[in-house]
Amino acid sequence: QWTITAGPFCPPSSSVVTIKVDAPPVGGTATPNPAEVCLGSGSVITLAGQTGSVVQWESSTDGVTWTIINNTTASLTTPALTQTTQYRARLTNGGVCPDAFSPPVPVTVDEPPTVAVAGPNDEICNSPVYTLQGNTPTSGTGKWTQDVSNPAGATFANITNPNTTVSGLAPGIYRFIWTITASPTCPPTSSTVKIT
């Protein structure tokens, strides 16, 4: 209030000005669940500790160019992802303070394992040794195992070599399983070959 007073016989003159001080918005913390997914899967990102209203979400694959997502809630469900993507929320307090962003959080996308191929079924004549014909993975690592119904005595020279030799074979039917595993977020792939 601003008051001006003159002589004692004149009433003072007053005027009131109102100043509003806005609190700046706080971006809070965005948390993805899960933070790491397999190619083609999505995640749910939840915002907590923020002040103000969510104006929009944004996504970026390079951290430079951001794409607007029309969502004004504190939770975001991502689409099926094909590459690692960062997400952030934009908040406002509705006043004159500049908008605030939550720190960007990545959702890491893992490459699924190469589809396992154990090789063609084969029939051999009374040989104790056989060379397996699994495919070489371009994503993940492979491992040979034996079916529980196999006759006893067969051993691998190197269980991680797709073309390893197996020895100790006797007449009978053997099933060998070639499994390729990549990230824990992606299911492994398996293939079985029958050697008679």
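**Rings, sheets and a core**

Biologist: Hello! At what distance from the ring centre of Trp66 does Arg88 lie?

Modeller: Arg88 lies over the face of Trp66, a charge sitting over a ring if Lys NZ or Arg CZ is within 6 Å of its centre and within 35 degrees of its normal. The distance from the ring centre is 4.0 Å.

Biologist: Which other ring has Arg88 over its face?

Modeller: Arg88 also has an aromatic neighbour besides Trp66. At 4.0 Å from the ring centre, Arg88 lies over the face of Phe101.

Biologist: What kind of model is this?

Modeller: Residues are numbered from 1 along each chain as its sequence is written, and side-chain values use heavy atoms, leaving out hydrogens and water. Local features need pLDDT of at least 70, side-chain atom pairs count only at 80 or more, and totals for chains, interfaces and linings use all residues, as the model is predicted.

Biologist: In the open sheet that holds β12, β14 and β15, what is the order of the strands?

Modeller: Strands are DSSP E runs of at least two residues, numbered from the N terminus, and they pair through at least two bridges. β12 (129–131) and β14 (155–156) each have a single partner strand, so one side of each is left without a neighbour in the sheet. With antiparallel pairing, the order is β12-β15-β14.

Biologist: What is the bridge partner of Thr155 in β15?

Modeller: Strand β15 covers residues 165–167 and runs antiparallel to β14, with two bridges joining them. In β15, Thr155 has as its bridge partner Ser167.

Biologist: What is the bridge partner of Trp178 in β17?

Modeller: β16 and β17 pair in the antiparallel sense over seven bridges. In β17, Trp178 is partnered by Ser191.

Biologist: Is the pair of Phe156 and Phe176 stacked or edge-to-face?

Modeller: The structure holds four aromatic pairs, counting ring centres within 6.5 Å, with planes under 30 degrees apart stacked, over 60 edge-to-face and the rest tilted. Phe156 lies in β14 and Phe176 in β16 (174–181), so this pair ties together parts that are 20 residues apart in sequence. The centres are 5.6 Å apart and the planes at 70 degrees, so the pair is edge-to-face.

Biologist: Are Phe156, Phe176 and Tyr174 buried or exposed?

Modeller: Buried means a relative accessible area under 20%, exposed over 50%, and partly exposed in between (1.4 Å probe, protein chains only). Phe156 has 18%, Phe176 has 0% and Tyr174 has 2%. Each of these residues is therefore buried.

Biologist: What is the angle between the ring planes of Tyr174 and Phe176?

Modeller: Both residues belong to one aromatic cluster, along with Trp144, Phe156 and Trp178. The rings of Tyr174 and Phe176 are stacked, 5.9 Å centre to centre, and the angle is 10 degrees.

Technical notes: Helix = DSSP H or I, 4+ residues; strand = E, 2+ residues; numbered from the N terminus. Phe/Tyr/Trp six-rings, centres within 6.5 Å; stacked < 30°, edge-to-face > 60°.
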